[in-house]
There are 2 protein chains.
Amino acid sequence: MTTLEIANKLVELCKQGKHEEAKTLYADDAVSVEAFAPPGMDRVAKGLAGIRAKGEWWTSNHEIHSAIVAGPWPLDDKFIVGFKFEVTNKPSGQRMTMEEMALYTVEGGKIVREEYFYNTGA
Amino acid sequence: MTTLEIANKLVELCKQGKHEEAKTLYADDAVSVEAFAPPGMDRVAKGLAGIRAKGEWWTSNHEIHSAIVAGPWPLDDKFIVGFKFEVTNKPSGQRMTMEEMALYTVEGGKIVREEYFYNTGA
């Protein structure tokens, strides 16, 4: 698959909420980087197991009211996807809008790196 | 200035259409990369002079009907800004919507690299 094909497939699967199926687009040793560390977690998750654990933490700590997925915007072996979530943080009960841009890097037909850009307030 | 301060300033100036003033945020040897080469031009413009020349080409070849600037979304020494333009390409007379994400890299308090992510159809 080309980078654009991977980008389009990822966006399609994210729009459908098929996050586990989306992981088939990742390399086993893919790295995920957050702009800010989630509570008690590292900013960097290494490997698919670490990325899955982070995803499960996020899902179990947030009630998702709506999700918008935008893009992809490609450049060579990278692409950007936009995410906007309306969620309630379960521990605090606080409802909030989270908006972030994810930058993906592709190597050998697989996503090897994802980087989530957002503000502290996001 | 921190990366976030530079990011906020760039967005503020772009929203005001002050593109020349925005250049004061750039290093003299900054590099600008396009997802696709403009007609007769290279994909990569090197140095502020090259970036200015590309900007002047774009401005003289497009009538801008509206511009939306979104973001910034920061991560460490990088940040992303979104642009959406409604323009008419002067040579062809074709009206179109251009949507792109720009990824900026900061070093030593200046923007040293900008990369424009978009699709061929953008």
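Copies are superposed by least squares on the C-alpha atoms of residues with pLDDT of at least 70 in both. The model is predicted.

**Exercise 1. Symmetry**

Determine which rotation and shift superpose chain A on chain B.

*Solution.* Step 1: two copies of a chain are related by a rotation about an axis and a shift along it. Step 2: here the rotation is 180° and the shift along its axis is 0.0 Å, with an RMSD of 0.0 Å. Step 3: that is the relation of a two-fold axis. Step 4: turn to the interface. Of the interface residues of chain A, 100% are also interface residues in chain B, so the copies meet through the same surface.

**Exercise 2. The sheet of chain B**

Work out the strand order of the open sheet in chain B, and find its edges.

*Solution.* Step 1: the 6 strands run in the order 2-1-6-5-4-3, with mixed pairing. Step 2: strand 2 (44-46) and strand 3 (62-75) of chain B each pair on one side only, which makes them the edge strands. Step 3: neighbouring strands are turned by 15° against each other on average, direction ignored. Step 4: strand 5 (residues 94-107) and strand 6 (residues 110-117) of chain B pair in the antiparallel sense over 7 bridges. Step 5: across this pair, B:Tyr104 stands opposite B:Glu114 in strand 6 of chain B.

**Exercise 3. The core**

Identify the residues with the most contacts inside the largest nonpolar core.

*Solution.* Step 1: this core has 72 residues. Step 2: A:Tyr104 and B:Tyr104 have the most contacts inside it. Step 3: leaving out residues up to four places away in sequence, B:Tyr104 touches several residues, including B:Leu10, B:Tyr26, B:Phe79 and B:Glu114.

How values were computed. Residues are numbered from 1 along each chain as its sequence is written. Chains are lettered from A and ligands numbered from 1 in the order in which they are written. This is a predicted model: local features need pLDDT of at least 70, side-chain atom pairs count only at pLDDT 80 or more; totals for chains, interfaces and linings use all residues. Side-chain values use heavy atoms; hydrogens and water are left out. A nonpolar core is a set of buried Ala, Val, Leu, Ile, Met, Phe, Trp, Tyr and Cys residues joined through side-chain atoms within 4.5 Å. Buried means under 20% relative accessible area, exposed over 50%, partly exposed in between (1.4 Å probe, protein chains only). Contact means heavy atoms within 4.5 Å. Two strands pair if DSSP finds at least two bridges between them. Helices (H or I, at least four residues) and strands (E, at least two) are DSSP runs, numbered from the N terminus. Axes are lines fitted to C-alpha atoms, for helices over the stretch in contact, and angles run from 0 to 180 degrees between N-to-C directions.
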